[in-house]
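Welcome! Here is a short tour of the spaces inside a protein model and of a couple of its loop residues. Take a look at the structure first, and then we will go through it together.

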Amino acid sequence: AIGLGEGRERYRTKLGGMVRSSPLAAHGLVIVGTVDAKGQGALVALEEGGRPRWTRRLASVFSSPTLIGDAVVVGADDGSLHAFDAASGTPRWSQKIGAKVRATATASGETLSVAAFDGTVVSVRATDGVRGWERAIGHGVYSSACAASGVLAFGCHEGHVHGLDAATAHLFAPRSRVRLRTYRGFRGDPIKRVINYASTGT
């Protein structure tokens, strides 16, 4: 951890083999995923000073944690989305999504949306993990979705940006798959431009 004011290192804590996930600051803790040997990993919560408060063993965690209410949700290489009490680490629920889940879940209201390596995009209810809609994209997804104006936008391994209706999983067409390497760029706020282009083509 680095102090914002002076840029000095405040603490350094060894957690696992690798830390590929982005830390989440919540409830006075720093929560982050780890990748260890033989496909193993964990979700770890650190107190001030870098002392671990709780650790939950999972498959490898490349996904970054998402806070929704008092719960923290993270994907893992077992193909599932896992929810824990953010303060105590008590498990809330786990829901199978598909193949490896390395994207970060996106929260919108009381719903979470996340994609897996096999191209499955799923919405789940945040309170208990019950599945809502499911959509097969046909391409692997590592990208984390952004959500605005009822649209989910996310990239895939084929170089497209897809736009889905966040309520119904309707795939907007024909402009819902933007091939970024052939598009000249988005002017203005990039998230708003991607959302708008994915849903309207303008």
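Which strand supplies the largest share of the lining of the largest cavity? That strand is β10, with three residues. Please keep in mind that this is a predicted model.

**The cavity**
- Searching the whole structure turns up one cavity of 30 Å³ or more.
- The volume of the largest cavity is about 50 Å³.
- Its lining includes Ala103, Thr104, Ser113, Val114, Ala115, Leu152 and Phe154.
- Two strands, β10 (111-115) and β14 (151-155), each give at least two residues to this lining.
- By class, the cavity lining holds seven nonpolar residues, four polar ones and no charged ones.

**The pocket**
- Among the residues around the largest pocket are Tyr11, Lys14, Gly16, Gly17, Met18, Pro23, Val30 and Leu46.
- The pocket lining is made up of eight nonpolar, three polar and one charged residues.

**Two loop residues with positive phi**
- His27 sits in the loop between β1 (24-26) and β2 (29-35), and its phi is near 55°, a positive value in a residue other than glycine.
- His27 counts as partly exposed because its relative accessibility is 45%.
- Lys38 belongs to the loop between β2 and β3 (40-46), and although Lys38 is not a glycine, its phi is positive at about 60°.
- With 81% relative accessibility, Lys38 is classed as exposed, since the cut-off for that class is over 50%.

Definitions and conventions. Residues numbered from 1 in each chain as written. Predicted model: local features only at pLDDT ≥ 70, side-chain atom pairs only at ≥ 80, totals over all residues. Heavy atoms only, no water. 1 Å grid on protein atoms, 1.4 Å probe; cavity = no way out; pocket = protein on both sides within 12 Å on 5 of 7 lines; lining within 4 Å. Points joined across faces, edges and corners; volume = space filled by probe spheres on them. Helix = DSSP H or I, 4+ residues; strand = E, 2+ residues; numbered from the N terminus. Nonpolar A, V, L, I, M, F, W, Y, C, P; charged D, E, K, R; others polar. Buried < 20%, exposed > 50% of the residue type's maximum accessible area, 1.4 Å probe, protein only.
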